[in-house]
Amino acid sequence: MNHLLEHLTEPQREAVSHCDGPLLVLAGPGSGKTRVITHRIAYMLESGVPASQILALTFTNKAADEMQRRVAELAPGYRVWLSTFHRFGAMLLRRYAEVVGLQPNFTIYDTSDARQTIKRVIEARDINVLNYSPDRIAEAISAAKNKLITAEQYEPASGSMLSRVVAQVYPAYQ
């Protein structure tokens with residue numbers, strides 16, 4: 001195991017050899033985050049932690065692929081789950097879709113898809129949007145979702161014209 005630590009700085013060695021509980025690595029570009037994480041994974045595997053008990057998350061597919069490649073070099077034969085936050089979140093949502101009121105085959109829309117869907121809802125239902133843009137309506141729907149307010153639970157705020165529009169659009173959009 002010492003061979004995994006010998007080319008690391010002291011702070012990197014400390015992070016790598018920490019095996020109890022999660023580790024969050026925040027550092028600037030080029031500072032060795034990927035190296036620390038992949039060496040830590042290899043260290044954990046050599047220490048007897050089952051590969052099925054290790055999860056590493058990052059922001060981009062490129063970074064996840066690079067980590068997967070490095071772990072394969074450091075610890076051949078082990079299959080550790082390395083993923084993006086988004087891919088991991090989508091997998092959990094699909095697995096437990098019914099618990100949060102979704103169908104397992106739900107579709108994740110990007111900003112453009114959401115905007116186009118809101119425009120179609122407005123046109124199909126001939127909703128007077130009172131000059132609110134589809135982006136503004138989408139923001140209001142997103143705010144409701146962030147507060148865990150479903151389309152069925154949404155009630156317009158007293159005196160808020162925007163929330164009246166959202167109350168008409170949100171159920172059809174959802």
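1. Just after helix α3, Gly 48 takes a positive phi of about 100°. Helices here are DSSP runs of H or I with at least four residues, strands are E runs of at least two, and both are numbered from the N terminus. Please keep in mind that this is a predicted model, where local features need pLDDT of at least 70, side-chain atom pairs count only at pLDDT 80 or more, and totals for chains, interfaces and linings use all residues. Residues are numbered from 1 along each chain as its sequence is written, and side-chain values use heavy atoms, with hydrogens and water left out.

2. Helix α3 itself covers residues 33–46. Its 14 residues should span 20 Å at 1.5 Å a residue, and the end C-alpha atoms are 20 Å apart, so the two agree; the expected span is 1.5 Å times one less than the number of residues. Among the buried residues of α3 are Val 36, His 39, Arg 40 and Tyr 43. Buried means under 20% relative accessible area, exposed over 50%, and partly exposed in between, using a 1.4 Å probe and protein chains only.

3. Two other positive phi values are worth a look. Most residues other than glycine have a negative phi. Asp 126, in the loop between α6 and α7, has a phi near 50° and is exposed because its relative accessibility is 69%. Leu 148, in the loop between α7 and α8, has a phi near 60°, and its relative accessible area of 72% makes it exposed.

4. Now to strand β1, residues 55–58, where the side chains alternate. Strand β2 (residues 81–84) runs parallel to β1, and 4 bridges join them; two strands pair if DSSP finds at least two bridges between them. Leu 55 stands opposite Trp 81.

5. Thr 117 sits in helix α6, residues 111–125, and counts as buried because its relative accessibility is 9%. Its side chain makes a polar contact of 3.2 Å with that of Arg 120 (a pair of N or O atoms within 3.5 Å; within protein, one must be able to donate a hydrogen and the other to accept it, and residues adjacent in sequence count only if both atoms are side-chain atoms). Not counting residues up to four places away in sequence, Thr 117 touches Tyr 109 and Tyr 173, contact meaning heavy atoms within 4.5 Å.
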